[in-house]
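Here's a quick tour of one protein model, moving from the ground rules to the overall make-up and then to a few local spots. Keep the structure open as you read.

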Amino acid sequence: RVGIEVPKVEVRFENLKVEANVQTGSRALPTLLNSVRDAAEYISTKLRICRPERHRLTILNGVSGVVKPGRMTLLLGPPGAGKSTLLLALAGKLDHNLEVTGNVTYNGQSIDEFYVQRTAAYVSQTDHHIAELTVRETFDYAARWQGATNAFGCMDDLARLEEENNIRPNPAIDAFMKASVVGSKQHNISTDYILRVLGLDICADTKVGDNMLRGVSGGQRKRVTTGEMIVGPRKTLLMDEISTGLDSSTTYQIVKCMGNFVHLMEGTVLMALLQPPPETFNLFDDLILLSEGHLVYAGPREEVLEFFQSLGFQLPPRKGVADFLQEVTSRKDQAQYWADPSKPYEFISVPEIARAFKNSRFGESLASAVSLPYDKTKDHPSALSNTKYAASRWELLKTCFTRETVLMKRQGFLYIFKTVQVTLVGFVTCTMFTRARLHPVDEINGNLYIACLFFGLVHLQFNGFAELPLLIGRLPVFYKQRDNLFHPAWAWSLASFVVRVPYSIIEAVMWTVVVYYSVGFAPSVGRFFRFMFLLFWMHQAAMSIFRTMAAVARDPVIANTFASAALLIVFLSGGFIIPKGGLKDLRKKLTTFNQLAQLFNSVTYMHSCNEAMVGLGIMDLTTNLRSARNFCQRICRREVAEGMYSNHQN
């Protein structure tokens, strides 16, 4: 009523061609020998020694089309037609190893001129969510990262024009728009709106769940994947096979919800489906049909049958249009649809159908629409995102920290169990290395003291192993949100580190309080707190090591294998099982990069005299009997001086 245009996005792709150099036959199998050969070929190619011969595969062969705002567009085609590749190309997420030619534009601008990841959202076939969060929490965090409070960037102009033209807005709509731009510490009203549009308000406070945690149903989880992307100001959705694993009724409900979003909010949606039922197929306005990488048809959905009738094919009675379109280009199914009795049937290949489409009036209309320059005067300033992130760095970090705190509370049983485990193992350690029977008067008792120190470090290092499966389970969610520019990697990493600092402090405090004076370590208060700090550092280092392994491996089997091998190397080069004097020169260098060895040196040095460290070296206790006795005597004299033991015990 006041003449304000809603931001719209028109996506065009012209002569888009995607090719890949692949290996065929047994050479393409992921065997150990092939992996070694691939690595050697990669090095030789980089050094320009030789270039291995590979098969050239054309995934998309010069396709063109237009995805218009306010219209539901269906991407149809048999498996292997190139649907996912086309969606990834439009989203700017193609693999860098692929060779891409052609143009992809949003409102007349190339995808290199703005941040396409914030303008368009690619919704994959798989649903990656954090199982412990509820549906509402998933939407709330996504809304805060995507800047949902800026979804209506025209509120100031709207209020001014309403006042100038003396227009009284609808009270309900006016209240909703004003509430949408007000930030909230708990929930945003945009979240409630998307929940109702997608029919998720009945399970808003239910956990998303996964294979191990009971949560929402499969259809609801698909809608959560979609809602996480549209809860912000994004209005361009590229959806890839969202009906995988769903029944026809659920697929219909999801497509109907997306149709409401497109028609009411002028959104741009390109949705790929495999054999949609007739009632779902009729919800779309436009159709793009691919087969073997060729563009077979692109235009209004109602006119697709007319094009194939011009080629001599007829839709049989009681046959779905979507099934007919995917089978009519197949060699084994095409003959049953031949309907021209005036001439005998001859197989029409996909390239021939693609050429016939280009020469038809449908192809000429498409070519005219693609070649016509986009009128940039109609482009809304907020239609395309020119900033990398929607919120400030502080807001992104605060949102990450809030989510990690919630997850820490939801997984409280794990952390409480680990803390209780540390306490119980500490009590067991006190009974094994009790102060009443342990006196540092000879080499054997000196070794027992050092064994107790080493065991404490090892136990805390093992406690960090729990971070391995936790991080691997969250990596898919992290990569999805990072690639869609929800938040930078450093914000999530820093928040995860800060949240786990109190947990490390509690574990170090519990072990120190239970073990330190019970075993009979140096009674100095300063050494007590220094010992506690070294245990805290050990726990933080262990968690960092295992989180790094999980991020590099990204697979639980590979990560566990590498983590076990790494622990073996760390223990052997830690300085206790094999003293440093018994290591070769090359293996001695391992202790330089071994966090356990460095902290073990610090702990043993802290419980000895500086003169003893210089004259003997703690790591050589088990290899030098005479020096070990002298060392233990020095410790004994020091303890006597501090009043720890009586002269009779000495």
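## Ground rules

Contact here means heavy atoms within 4.5 Å. Helices (H or I, at least four residues) and strands (E, at least two) are DSSP runs, numbered from the N terminus.

This is a predicted model, where local features need pLDDT of at least 70, side-chain atom pairs count only at pLDDT 80 or more, and totals for chains, interfaces and linings use all residues. Residues are numbered from 1 along each chain as its sequence is written, and side-chain values use heavy atoms, with hydrogens and water left out.

## The whole protein

The protein has 25 helices and 10 strands. Of its 650 residues, 48% count as buried, meaning under 20% relative accessible area, with exposed over 50% and partly exposed in between (1.4 Å probe, protein chains only).

Take the contacts between residues at least 6 apart in sequence: 77% of them join residues at least 24 apart.

## Nonpolar cores

A nonpolar core is a set of buried Ala, Val, Leu, Ile, Met, Phe, Trp, Tyr and Cys residues joined through side-chain atoms within 4.5 Å. The largest one holds 154 residues, and Tyr106, Met271, Phe308 and Leu325 touch the most other members. Helix H20 (residues 525-553) gives this core its largest share, 12 residues.

Another core, of 6 residues, lies apart from that one; Leu470, Val499, Tyr503 and Met543 are among its members.

## Where H13 meets H14

How do helix H13 and helix H14 pack, and at what angle? H13 (residues 350-359) and H14 (residues 361-371) pack at about 70°, with their axes 4 Å apart. Axes are lines fitted to C-alpha atoms, for helices over the stretch in contact, and angles run from 0 to 180 degrees between N-to-C directions. The two helices are therefore roughly perpendicular, a label that covers 65 to 115 degrees.

On the H13 side, Phe357, Lys358 and Asn359 make the contact; they meet Arg361, Phe362, Gly363, Glu364 and Leu366 in H14.

## Two residues up close

Is Thr85 buried or exposed? Thr85, in helix H2 (residues 83-91), is buried, with a relative accessible area of 15%. Not counting residues up to four places away in sequence, Thr85 touches Val18, Ile59, Leu60 and Leu94.

Lys207 sits in the loop between helix H7 (189-197) and helix H8 (218-230) and counts as partly exposed at 30% relative accessibility. Beyond its neighbours within four places in sequence, Lys207 has contacts including Ala131, Glu132, Leu213 and Arg410. Lys207 and Val135 are 72 residues apart in sequence, yet 6.2 Å apart in space, C-alpha to C-alpha.

Key
Parallel < 35°, antiparallel > 145°, perpendicular 65-115°, else oblique.
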